[in-house]
Amino acid sequence: MNKRELVEAVAGRLGDKKTATDAVNAVLDAIQHAVAGGDKVSITGFGAFEMVHKPARTARNPSTGEPIEVPESWVPRFRPGADFKEMVNQAGKGQK
């Protein structure tokens, strides 16, 4: 599912595509700004978004074996909640 399909799914529940687009954009924007600002966003039953620090490190080029310096970075991380994990687990069992 991409963003367009998500908007269509929300519009199916709200009945209006413009309202659904605004709602999806507002939620995503709020999550992105909060995480970029260093806040943790927890949605009960769904999961948590947070900013994580990755320190500088030395990696290896797989084709040449030469060391490469990877600079430090800050990245977003999503950890699914228990209800979300269980839903995915049950759906996965049905696909065997």
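Mentor: Start with Glu50 and the residues around it. Skip its neighbours within four places in sequence, and Glu50 is in contact with Val35, Asp39, Lys40, Val75, Pro76, Arg77 and Arg79. Contact here means heavy atoms within 4.5 Å. This is a predicted model, in which local features need pLDDT of at least 70 and side-chain atom pairs count only at pLDDT 80 or more, while totals for chains, interfaces and linings use all residues. Residues are numbered from 1 along each chain as its sequence is written, and side-chain values use heavy atoms, with hydrogens and water left out.

One of those partners deserves a second look. The side chains of Glu50 and Arg79 make a polar contact at 3.2 Å. Such a contact is a pair of N or O atoms within 3.5 Å; within protein, one must be able to donate a hydrogen and the other to accept it, and residues adjacent in sequence count only if both atoms are side-chain atoms.

Is Glu50 buried or exposed? Glu50 has a relative accessible area of 19%, so it counts as buried. The scale is this: buried is under 20% relative accessible area, exposed is over 50%, and partly exposed lies in between, with a 1.4 Å probe and protein chains only. Across the chain, 15% of the 96 residues are buried.

Now place Glu50 in the fold. Glu50 sits in strand S2, residues 47-54. Strand S5 covers residues 73-80 and holds Pro80. Pro80 is partly exposed, because its relative accessibility is 33%. Beyond residues up to four places away in sequence, Pro80 touches Phe46, Gly47 and Lys85. Pro80 and Ile31 stand 49 residues apart in sequence, and their C-alpha atoms are 15 Å apart in space.

Step back to the whole chain. The chain has 3 helices and 5 strands. Helices (H or I, at least four residues) and strands (E, at least two) are DSSP runs, numbered from the N terminus. From that end the order is α-α-β-β-β-β-β-α. The radius of gyration is 19 Å, well over the 12 Å that the globule rule gives for 96 residues, so the chain is more spread out than a compact globule. That radius is taken over C-alpha atoms, and the rule is 2.2 Å times the number of residues to the power 0.38. Along the principal axes, the C-alpha atoms fill a box of roughly 55 × 40 × 25 Å.
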